[in-house]
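Biologist: I have a model open and want to learn how to read it. Where do we start?

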Amino acid sequence: MQALFSSLPFSKAQLTNLDSLGYKTMTAIQAQAIPATLQGKDLIAQAKTGSGKTAAFGLGLLEHINPRFFGAQALVLCPTRELADQVAKELRKLARSIANIKLLVLCGGQSFAYQKASLRHGAHIIVGTPGRIQDHLNRETLNLKGLKTLVLDEADRMLDMGFLEVIEAIIKETPKTRQTLLFSATYPNAIKKMCLGVLHDPVTVKVETEHLEGTIKQAFYQVKAFQRTDILLALFEHYQPKSTVVFCQTKIQCREVSQFLNQHKIETLALHGDLEQRDRDQVLACFSNQSCSVLVATDVAARGLDIKSLDVVINFELPRDPEIYVHRIGRTGRAGATGLALSLFTDGEKRRFDVLKEAHNEDYKVDELDSLTRDKPFKVRPTMSTIQINMGRKNKIRVGDILGALTGDGGLKGSEIGKINLFDLHSYIAIDRMATQKILSYFVTGKIKGRAVRARKL
Ligand code: ADP
Ligand code: MG
């Protein structure tokens, strides 16, 4: 059943490369999409996060690049810088088999002048966010006249973020002969409409949302509107989840729920679209390095992020769209682990529950509120805390330099140090809560690569 990469007309070098990456069989979306992309057809693909979309468009796109022509031949538009970085990282791995392929990431929040200089040297592949790409087009630092492949990744989210007009303006700068590949987790009317104008005779592929039964246990609770926050607390008390994402419908709700939980001694971080990039980076670093165990997020902000090992997903409100529901809860129960999806809905939202049952053809039961035991407060405390330091990649430091200083002069044990995330001008170090004072004392006078460091606990 499972299709091998070697069944497709890839170069020997690429097959060897895929093999060294550990890619043997194609994921479902890859098996459906790659033959069409290799043939140069336009494509509409619907698949969820983690399904291997990047290789689904990346492998075809790479085959069509002429390394001897240094203009932009492929453009991948992504909603956010993080997603652009994730795509670029994956594409670079796939491009290893082809000599001299240059890939450039063009996103906001980074030096325009620097990007302009890089563009002058030529790049075959551009990955970026719509706003910044448009800036480059307007200032004529980027030319898309030689474009062969245009990819719209996470298209639904780009539209949610209000990028429709910008995307249309970018497309006007590309040749009509281009191949267009559109990837989207959901397929609302706005996307359908955009596809009509932008794609030519597209092949449509859809990967059915994976069978959720078995790996994800689902429970539903019907509440009165005034009870909702209290029952949310009850869920934490009853299930005592080690890592949780609470999904909210709006930014405002997200902020309110986060504050409510904080007031009730459940430490949370909120992730929503109003955050500055730097704050987003910080929230995600703290959640993924285990110094925060509860993230309260909107769909838009959490989409596409590779969050690993989640115990529980809570829907503070059931979403209207069953696909969004599946998308949210698919973040738990990954890699064979059993996950838990808990959803609250009010009498007024009962219709959403019915729609969900119908869409999944399942007779989900509503659990009794009394079944939630509340004899203990929520006791899970993160094991780590996060220290921010004012040095990053641009200071030419590496993870090893930080680890070396802390375990050497700093006298910390390797086991006390968790994940280290480097950014351009700052970094986050996860540290065992018990060792927080020790690391802060070290940085009072201690150095990294001979330089004094400012450190603070977040
Ligand atoms: P998506 O964009 O759909 O969220 P990605 O393209 O980022 O997913 O891929 C998710 C992860 O799966 C990546 O770490 C990637 O390296 C890995 N991956 C993709 N395709 C394969 C494959 N055929 N075999 C093994 N791993 C794969
Ligand atoms: Mg992706």
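Modeller: With a cut-off: a polar contact is a pair of N or O atoms within 3.5 Å. Keep in mind that this is a predicted model.

Biologist: Which atom of Thr25 lies 3.0 Å from a nitrogen atom of ligand 1?

Modeller: A backbone N or O atom of Thr25 does. Side chains take part as well. An N or O atom in the side chain of Gln30 is 2.8 Å from a nitrogen atom of ligand 1. For Tyr23, a polar side-chain atom lies 2.4 Å from an oxygen atom of the ligand.

Biologist: How much of the accessible area of ligand 1 does the protein cover?

Modeller: On its own, ligand 1 has 570 Å² of accessible area, and the protein covers 73% of that. Two elements each give two or more residues to the shell: α3 (53–63) and α4 (81–95).

Biologist: How many residues surround ligand 1?

Modeller: The count is 14. Tyr23, Gln30, Gly50, Thr54 and Glu90 are the closest. Sorted by class, the shell has eight polar, four charged and two nonpolar residues.

Biologist: Now a helix. Which residues of α15 are buried?

Modeller: In α15 (residues 350–360), the buried residues are Arg352, Phe353, Leu356 and Lys357. Look down the helix axis. These buried residues fall within an arc of 140°, so they line one face of α15. On the other side, Arg351 and Glu358 are exposed.

Biologist: Is Thr174 buried or exposed?

Modeller: Apply the cut-off again: buried means under 20%. Thr174 has 9% relative accessibility, so Thr174 counts as buried.

Biologist: Which residues is Thr174 in contact with, leaving aside neighbours within four places in sequence?

Modeller: Leu144 and Leu147. There is also a polar contact of 3.1 Å between the side chains of Thr174 and Arg178.

Biologist: What separates the C-alpha atoms of Thr174 and Ala74?

Modeller: Compare sequence with space. The two residues are 100 residues apart along the chain, and their C-alpha atoms are separated by 10 Å.

Definitions and conventions. Residues numbered from 1 in each chain as written. Chains lettered and ligands numbered in written order. Predicted model: local features only at pLDDT ≥ 70, side-chain atom pairs only at ≥ 80, totals over all residues. Heavy atoms only, no water. Near = heavy atom within 4 Å. Polar contact = N/O pair within 3.5 Å; in protein donor to acceptor, adjacent residues only side chain to side chain. Areas by Shrake-Rupley, 256 points an atom, 1.4 Å probe, with all protein chains shown as cover. Helix = DSSP H or I, 4+ residues; strand = E, 2+ residues; numbered from the N terminus. Nonpolar A, V, L, I, M, F, W, Y, C, P; charged D, E, K, R; others polar. Buried < 20%, exposed > 50% of the residue type's maximum accessible area, 1.4 Å probe, protein only. Arc of directions from axis to C-beta. Contact = heavy atoms within 4.5 Å.
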